[in-house]
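Look at the sequence and the model first, then read the points below.

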Amino acid sequence: MKKVVLFISGLIPFLMGYLMNWSMLTIFFDVNVPYALISVITLLIWGLLGYFLSGYSGAHKQTVILMNLPAFIVLILNAVQLLIFKAYWLNIIGLAVQIFYLPFLNISFLLTSWSHSMLPAYIVAFILMVAASSLGCYANKKLRYGGTDDDDR
């Protein structure tokens with residue numbers, strides 16, 4: 001059951017992306033919004049989620065994998081759309097996979113300014129998510145277990 005909770009927690013960026021998309025299209029349409037700050041806060045929340053959920057599946061590595069599995073699936077779907085079909089699908093899946101990474105894209109665009117494609121930004125966003133959740137799990141491990149590196153708890 002705890003593994004299911006980890007996977008479902010990995011779906012939270014869908015909600016955050018939807019809320020961000022809605023606010024961009026309605027509330028903040030003509031306002032300068034600090035999207036970089038929103039990206040940083042979202043990554044901090046992702047790290048805190050990793051901190052609080054670390055050890056849910058027994059091992060911290062498994063926690064990070066299960067928590068970021070939806071992000072990996074979305075990354076694959078984005079890659080398929082961009083590399084094979086050369087366009088986003090005109091359905092709910094095509095929209096959802098774009099919205100998933102929206103809260104993380106400002107930072108990933110800053111890191112991939114050399115690219116004129118969305119795929120490197122999605123890949124960097126995924127790497128940032130994995131890094132944030134890993135750091136959260138690592139911080140919990142250090143605080144809870146005294147930081148012994150020989151165990152996987």
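Pro13 counts as buried because its relative accessibility is 0% (buried means under 20% relative accessible area, exposed over 50%, partly exposed in between, with a 1.4 Å probe and protein chains only). This is a predicted model, where local features need pLDDT of at least 70, side-chain atom pairs count only at pLDDT 80 or more, and totals for chains, interfaces and linings use all residues. Residues are numbered from 1 along each chain as its sequence is written, and side-chain values use heavy atoms, with hydrogens and water left out.

- Pro13 is found in helix 2 (helices are DSSP runs of H or I with at least four residues, numbered from the N terminus).
- Pro13 touches Trp46, Ile99, Phe100, Phe104 and Met129, leaving aside residues up to four places away in sequence (contact means heavy atoms within 4.5 Å).
- Pro13 and Ile99 are 86 residues apart along the chain, and 8.1 Å separates their C-alpha atoms.
- Ser23 also lies in helix 2, which covers residues 12-25.
- Ser23 counts as buried because its relative accessibility is 12%.
- The Ser23 side chain reaches the backbone oxygen of Met20 at 2.9 Å. A polar contact is a pair of N or O atoms within 3.5 Å; within protein, one must be able to donate a hydrogen and the other to accept it, and residues adjacent in sequence count only if both atoms are side-chain atoms.

**Helix 1 against helix 4**

- The axes of helix 1 (residues 2-9) and helix 4 (residues 60-85) come within 6 Å and cross at roughly 45 degrees. Axes are lines fitted to C-alpha atoms, for helices over the stretch in contact, and angles run from 0 to 180 degrees between N-to-C directions.
- That angle is why helix 1 is oblique to helix 4 (under 35 degrees is roughly parallel, over 145 roughly antiparallel, 65 to 115 roughly perpendicular, the rest oblique).
- Their crossing is right-handed (the near helix is turned clockwise from the far one by less than a right angle; anticlockwise is left-handed).
- On helix 1, Lys3, Leu6, Phe7 and Ser9 meet Gln62, Thr63, Leu66, Met67, Leu69 and Pro70 of helix 4.
- This contact has six nonpolar, three polar and one charged residues. Ala, Val, Leu, Ile, Met, Phe, Trp, Tyr, Cys and Pro count as nonpolar, Asp, Glu, Lys and Arg as charged, and the others, Gly among them, as polar.

**Helix 3 against helix 4**

- Helix 3 (residues 35-53) packs on helix 4 at about 135 degrees, with the axes 10 Å apart.
- Helix 3 is therefore oblique to helix 4.
- Helix 3 passes helix 4 in a right-handed crossing.
- Trp46, Leu49, Gly50 and Leu53 of helix 3 make the contact with Thr63, Met67 and Asn68 of helix 4.
- Four of these residues are nonpolar, three are polar and none is charged.

- Helix 5 spans residues 92-100, with Gly94, Val97, Ile99 and Phe100 buried.
- At the start of helix 5, a side-chain oxygen of Asn91 comes within 3.1 Å of the backbone nitrogen of Ile93.
- Helix 4 and helix 5 pack at about 120 degrees, their axes 10 Å apart.
- Helix 4 is therefore oblique to helix 5.
- The crossing of helix 4 and helix 5 is left-handed.
- Helix 4 contributes Pro70, Ala71, Val74, Leu77, Asn78 and Gln81, and helix 5 contributes Ile93, Gly94, Val97, Gln98 and Phe100.
- By class, this contact has seven nonpolar, four polar and no charged residues.

Methods
Helices (H or I, at least four residues) and strands (E, at least two) are DSSP runs, numbered from the N terminus.
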